[in-house]
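Keep the viewer open as you go.

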Amino acid sequence: MNKYLKRVSLSIVLLLLIFTSYAQKADVFSQKDKAIKGYDPVAYFTDSKPVMGKDDIKFSYAGANWYFSSQKSLELFKSNPTKYMPQYGGYCAFGLAEGYKAPISPEAWTIVNDKLYLNYNKKVQADWNTDQAEMIKKADKNWPNVKKEK
């Protein structure tokens, strides 16, 4: 009986480690199964503002569920997902420039050279805005390694 309990306990611990490790290595920032907190990535480009997506208009892409405010937004995204997806999987651009993944606020956003960048909050965005070009350069360099980290 004691041997059995040890095996079961060890199996549970191993499974938890595997699932935790897998979940934390997501390439796309997602909370509650919603990429960029359920906001429509296309609306940043077409409406020039963040717009909450609708639960009944969603599309699974790159291991995440993306939500859209209209069928038209969904179709635009499907036609060219990489154009509309935020840079760095939707993680905070400032955090990536500093070498780590951080969550975002959909309200703290910028489009630079037709690419969407999100930040942790408006204060962090203001810091990021002081030298966007350098921050983007650093984040671009860091992203390939950071996206693999927990």
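A residue counts as buried when its relative accessible area is under 20%, as exposed when that area is over 50%, and as partly exposed in between. The model you see is predicted.

**Exercise 1.** Decide whether Phe29 is buried or exposed, and do likewise for Tyr91.

*Solution.* Start with Phe29: its relative accessible area is 7%, so Phe29 is buried. Next, Tyr91 has 9% relative accessibility and therefore counts as buried.

**Exercise 2.** Work out how the rings of Phe29 and Tyr91 are arranged, and where in the chain each residue lies.

*Solution.* Phe29 and Tyr91 form one with 5.7 Å from centre to centre and 65 degrees between the planes. An angle over 60 degrees counts as edge-to-face, so this pair is edge-to-face. Now locate the partners: Phe29 is in the loop between helix H1 (2–23) and strand S1 (30–31), while Tyr91 is in the loop between helix H4 (81–84) and helix H5 (93–98). The pair thus links distant parts of the chain, 62 residues apart.

**Exercise 3.** Classify the pair formed by Phe59 and Tyr61, then the accessibility of Phe59 and of Tyr61.

*Solution.* The ring centres are 6.4 Å apart, with 15 degrees between the planes. Planes under 30 degrees apart count as stacked, so Phe59 and Tyr61 are stacked. Phe59, at 23% relative accessibility, is partly exposed; Tyr61, at 29%, is partly exposed too.

**Exercise 4.** Find which residues form one aromatic cluster with Phe29.

*Solution.* Beginning at Phe29, the cluster takes in Tyr88, Tyr91, Tyr117, Trp128 and Trp143.

Notes: Residues numbered from 1 in each chain as written. Predicted model: local features only at pLDDT ≥ 70, side-chain atom pairs only at ≥ 80, totals over all residues. Heavy atoms only, no water. Phe/Tyr/Trp six-rings, centres within 6.5 Å; stacked < 30°, edge-to-face > 60°. Helix = DSSP H or I, 4+ residues; strand = E, 2+ residues; numbered from the N terminus. Buried < 20%, exposed > 50% of the residue type's maximum accessible area, 1.4 Å probe, protein only.
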